[in-house]
Amino acid sequence: MRDPIEVLRNVFGHDEFRDLQGDVVRHVCEGKDALVLFPTGKGKSLCYQIPSICRDGVGIVVSPLISLMRDQLTKLEELGVVAVTINSDTGVADRREIEEALEMGQIDLLYVTPEQVATPRFRALLKKIEVSVIGIDEAHCVVDFGSDFRPDYAALSILRSLLPDVPVVAATASADQETVAEIIRRLDIPGAKTFQSSFDRANIHYTMTFKSSKPKEQVLAALSAHKGESVIVYCIGRSTVDNTAKWLKECGYSALPYHAGMKQSDRDRNQDAFISGKVDIIVATVAFGMGIDKANVRAVIHTDMPTGVEAFYQESGRAGRDGLPARSYVFYGNANIVQRRRMIKKSKGGAVVKRTGAAKLDAQIGVLETSGCRRKAILHYFGEAYGSSCGNCDNCENAPATRDATEQANVVADIVRQGSRMTAYQIVMEACSVSGSSGEKGMLEWSAVLQQMVAAGILDVSYGHFCEITLNPAIDVPLKEGSFLMRATNKLTSAKVRSIGRKSSGSASRKSSSSSTTRRAPARTSAPRTRRNPYEVEENFGEGMDLVAALKKKRKQLAAGKKEYLVVHNEAIEQMARFMPRNARELLEIRGMGPKKVEQYGAPFLGVINRFAA
Ligand SMILES: Nc1ncnc2c1ncn2[C@@H]1O[C@H](COP(=O)(O)OP(=O)(O)OP(=O)(O)O)[C@@H](O)[C@H]1O
Ligand SMILES: [Mg+2]
Ligand SMILES: [Zn+2]
């Protein structure tokens, strides 16, 4: 057997193993199963590639995407490793040739899609060849409660039963306990040793910013620090991708779009242009990037809130894979939260899926609104304690204005300590009742306290069945006076309870709302707040577009052949979509909606909004 360190140096050209890589490689080379949990970009691939080369036989790597395999194959080819793929694109003649080479033991690594593994032909082939290692890349795809679920991944335990003596290496950047347990179960590798490296990507700087009324300017400001560098700009929705790419080009940047609605050949061309450095910026939906290994991406910009902390970490983690300084920027707004809650509510999953979705969204809001270190909050989400502050995030560099919320935190801590298996919803209700605060305002306040206690690592959430909340045993409660700070104003919490209606899934009930004035961030300080028009139109990065369309349809009906802007103009429609007023009084605050208009058209528009928010 070849020496792993010799292969690392002579084949891959790296001096040393990173982090736990060496431990994994040695473990697998001894024929034992491993579960590799490293964050994006830490170097999971080597964990199955090197044992495949060191051990006799061919390493079989299951990978969910053909583009991802292509990327790895190109790299391996350049290094002189004999690696091939069998997938749905492989022609008959090629396939026969590959099979022959496999039988003759001439191949180091074979990349396959899970669909291939399921075919009888592939299973027959396995009986005829010597296999060194089974690598399951992006192993979280076996998990059916995850967003990347691939049904064929669920059947991969067949590999274990066909090749009981071959070590399995399952690799993923997703490390929550439920996912890990499910991977072990589905792949039938109960004895696998887990190798979890720190999830910290210390070279990535984090900035998270509430969208102003001019989010495009915010994006340009972020980009101006990265002229001539490789940057990924993530947008929600295909048309937003196209528009943003076009707009960036107009601004003088070298940018290309990437989304699933484009022709495959165009997509590949743009991806190659970005990877080879011919173009600086790729503007993409999150369809771009899984497993793409471009080492020198200097920044990842999210023009909207990512779909969760995991997704955020994956996506932002595409920056700085070379280990050099890199930046992540997130711009988020209330509409993002409204839409997320709506999607969770509408999702086809059962109560557990919805509850988990709501709890994870709370966690994300916690990270976005924390006044403390972003890295600490993110790593706590992944179950990792991070000592102090990192000095490499926006909050560490520029502490936001805060208020002391220790007293409230101690109320919550008390409830959590005394109760058992309480959900966020139950705790918030209890806190309202203990404190005598009622209605929506109370719910909002206490939800924010809870979210921030989670972000600060004082509370733990189990994202399993009940999503119950517990005290972090490492923290002493009651908290010392003045030790728990929250932002002076939390901008996100206003929209979420109001428009979604938290029910048993761990959220506040819409029925409980008693006032209609809470759409703005509830005033948490006694200091007078400068009142800005909360309905300033935000340039739209794609959010709320389906509601806009529905409202426009209604307007067309109402216009009954007349000019539509005489009913209401576009700006009003956009504001309605963004702020989702619930009643005539709130509708009056939309620019252009005077008492007469509200009387005349209020009910039909509110009807559309209510159906949308239901
Ligand atoms: N020991 C090492 N020394 C130097 N560079 C390394 C080492 N191991 C891996 N790398 C580099 O780190 C980068 C990321 O590696 P890899 O693609 O395996 O990451 P990953 O953990 O699979 O990430 P993802 O979750 O995004 O797939 C690659 O460019 C690789 O060349
Ligand atoms: Mg990988
Ligand atoms: Zn920090």
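## Overall architecture

Helices here are DSSP runs of H or I with at least four residues, and strands are E runs of at least two, numbered from the N terminus. E182, for one, lies in helix α9. The model is predicted. The protein chain contains 26 helices and 17 strands.

Of the 614 residues in the protein chain, 47% are buried. Among contacts in the protein chain with a separation of 6 or more, 74% are between residues 24 or more positions apart.

## The ligand shell

## Helix α9 and its surroundings

Helix α9 covers residues 177–187, and its buried residues are T179, V180, I183, R186 and L187. Viewed down the axis of α9, these buried residues fall within an arc of 135°, so they line one face of the helix. The exposed residues Q177 and A181 sit on the face of α9 that is turned away from the buried side.

The cover over the buried residues of α9 includes the strands β1 (34–37), β5 (131–136), β6 (168–172) and β7 (193–196), together with helix α8 (157–162). D188 follows α9 and has a positive phi, near 60°.

## E182 within α9

E182, in helix α9, has 19 other C-beta atoms within 10 Å. A residue counts as buried at 20 or more such atoms and as exposed at 12 or fewer, so E182 is classed as partly exposed.

Leaving aside residues up to four places away in sequence, E182 touches V142 and V143. E182 and D144 are 38 residues apart in sequence, and their C-alpha atoms are 8.9 Å apart in space.

## Helix α19

Helix α19 runs over residues 424–435, 12 residues in total. At 1.5 Å a residue α19 should span 16 Å, and its end C-alpha atoms are 16 Å apart, which agrees. The buried residues in α19 are A424, Y425, I427, V428 and A431. Around the axis, these residues cover an arc of only 165°, which puts them on the same side of α19.

The buried residues of α19 are covered by elements that include the helices α15 (351–369), α18 (406–418) and α20 (439–455), as well as strand β16 (469–471). Just after α19 comes G436, which takes a positive phi of about 75°.

## Q116 in α6

Q116 belongs to helix α6, residues 114–117. With 21 other C-beta atoms within 10 Å, Q116 is buried.

The contacts of Q116, not counting residues up to four places away in sequence, are I86, N87 and F122. Q116 and I86 are separated by 30 residues in sequence and by 7.4 Å in space, C-alpha to C-alpha.

## Backbone exceptions in loops

Most residues other than glycine have a negative phi, and most peptide bonds are trans. D19 is not a glycine, yet its phi is positive, about 55°. The position of D19 is in the loop between α1 (4–10) and α2 (21–29). D19 is partly exposed, with 14 other C-beta atoms within 10 Å.

A560 is likewise not a glycine and has a positive phi of about 45°. The loop that holds A560 is the one between α22 (545–559) and α23 (564–567). A560 is exposed, with 7 other C-beta atoms within 10 Å. As for peptide bonds, V477 and P478 are joined by a cis bond, with omega about -5°. P478 lies in the loop between β16 and β17 (485–487).

Methods. Residues numbered from 1 in each chain as written. Chains lettered and ligands numbered in written order. Predicted model: local features only at pLDDT ≥ 70, side-chain atom pairs only at ≥ 80, totals over all residues. Expected span 1.5 Å × (residues − 1). Arc of directions from axis to C-beta. Contact = placed C-beta atoms within 7 Å.
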